[in-house]
Amino acid sequence: MDSVRSDRDGARSHIPVALKILIAGGFGAGKTTMVGSVSEIRPLQTEEVLTGAEGSDDTSGVEAKRTTTVTMDFGRITITDDLQLYLFGTPGQDRFWFLWDELSSGALGAVVLADTRRLADCFPSIDYFEQRGTPFVVAVNCFDERRFGTEAVSRALDLDPDVPVVEFDAREPLAARNVLIELVEYVARRQLLAAGSR
């Protein structure tokens with residue numbers, strides 16, 4: 001997987017492996033915040049002000065939310081010299097889900113953000129990735145108070161026992177980075193198990 005190229009002087013320069021990861025979840029779960037907090041580049045964000053014309057957007061539990069992602073968020077993080085992650089935050093509302101197939105093409109896996117104030121909002125994301133066989137972890141975004149533990153969230157979402165559920169604060173870069181590392185390690189474990197069963 002390692003890539004090397006030669007520059008004009010004949011010296012060999014290293015090209016890190018780039019992996020695509022989706023950041024998904026319900027409306028207001030913290031997707032844009034996570035991408036923004038962990039990205040080492042200025043993230044591309046397609047936030048628009050909520051106008052009330054959206055009608056179908058249920059803002060109960062996130063009444064203070066004033067903007068929404070209409071296409072995607074994009075960021076990049078370098079994990080090691082050999083590995084870079086490209087992050088694509090998906091839009092949370094139903095009317096933008098037609099973009100998901102394009103965004104998910106070629107993705108290594110996904111992080112599904114769960115807001116325990118609106119836990120049911122992450123069911124569509126979980127269903128989407130389960131149906132496509134895309135590995136994912138669930139990251140419980142801890143807002144002002146801790147409502148449920150990871151085991152309770154796993155049971156409530158009816159997850160397979162091997163799907164990691166972690167708590168984190170999307171505003172904290174180190175916490176968000178650790179969630180991404182958890183996903184990469186989970187995908188690696190799955191690939192090893194699959195290779196061993198052949």
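In this predicted model, the charged end of lysine 20 sits over the ring of phenylalanine 88, at 4.9 Å from the ring centre. Phe88 also belongs to an aromatic cluster, together with Phe74 and Tyr86.

Aromatic pairs number 4 in total. One of them joins phenylalanine 74 and tyrosine 86, whose ring centres are 5.9 Å apart. Phenylalanine 74 is part of strand S5 (residues 67-80), while tyrosine 86 is part of strand S6 (residues 83-89). The pair therefore ties together parts that lie 12 residues apart in sequence. Tyrosine 86 has a relative accessibility of 24%, so this residue counts as partly exposed; the cut-off for buried is under 20%.

Tyrosine 128 and phenylalanine 129 form another aromatic pair. Their ring centres are 5.4 Å apart. Because the planes stand at 90°, this pair is edge-to-face. Both tyrosine 128 and phenylalanine 129 are buried.

Serine 104 touches Lys20, Leu22 and Tyr128, leaving aside residues up to four places away in sequence. Serine 104 belongs to helix H2, which covers residues 100-104. At 18% relative accessible area, serine 104 is buried. A polar atom of the serine 104 side chain lies 3.3 Å from the backbone oxygen of aspartate 101.

Helix H5 spans residues 173-196. Its 24 residues, at 1.5 Å a residue, should span 34 Å. The buried residues of H5 are Ala176, Val179, Leu180, Leu183, Tyr186 and Val187.

Nonpolar side chains tend to be buried together in soluble globular proteins. Here, the largest nonpolar core contains 50 residues. Within this core, Met34, Val111 and Leu180 touch the most other members. Leu180 is also one of the buried residues of H5. With residues up to four places away in sequence left out, leucine 180 touches Ile21, Ile23, Met34, Val38, Ile77, Leu85, Leu87 and Val111. Two of these partners, Met34 and Val111, are named with Leu180 as the core residues that touch the most other members.

Key
Residues are numbered from 1 along each chain as its sequence is written. This is a predicted model: local features need pLDDT of at least 70, side-chain atom pairs count only at pLDDT 80 or more; totals for chains, interfaces and linings use all residues. Side-chain values use heavy atoms; hydrogens and water are left out. Helices (H or I, at least four residues) and strands (E, at least two) are DSSP runs, numbered from the N terminus. Buried means under 20% relative accessible area, exposed over 50%, partly exposed in between (1.4 Å probe, protein chains only). A polar contact is a pair of N or O atoms within 3.5 Å; within protein, one must be able to donate a hydrogen and the other to accept it, and residues adjacent in sequence count only if both atoms are side-chain atoms. Contact means heavy atoms within 4.5 Å. Rings of Phe, Tyr and Trp (its six-membered ring) pair if their centres lie within 6.5 Å; planes under 30 degrees apart count as stacked, over 60 as edge-to-face and the rest as tilted. A charge sits over a ring if NZ of Lys or CZ of Arg is within 6 Å of the ring centre and within 35 degrees of the ring normal. The expected span of a helix is 1.5 Å times one less than its number of residues. A nonpolar core is a set of buried Ala, Val, Leu, Ile, Met, Phe, Trp, Tyr and Cys residues joined through side-chain atoms within 4.5 Å.
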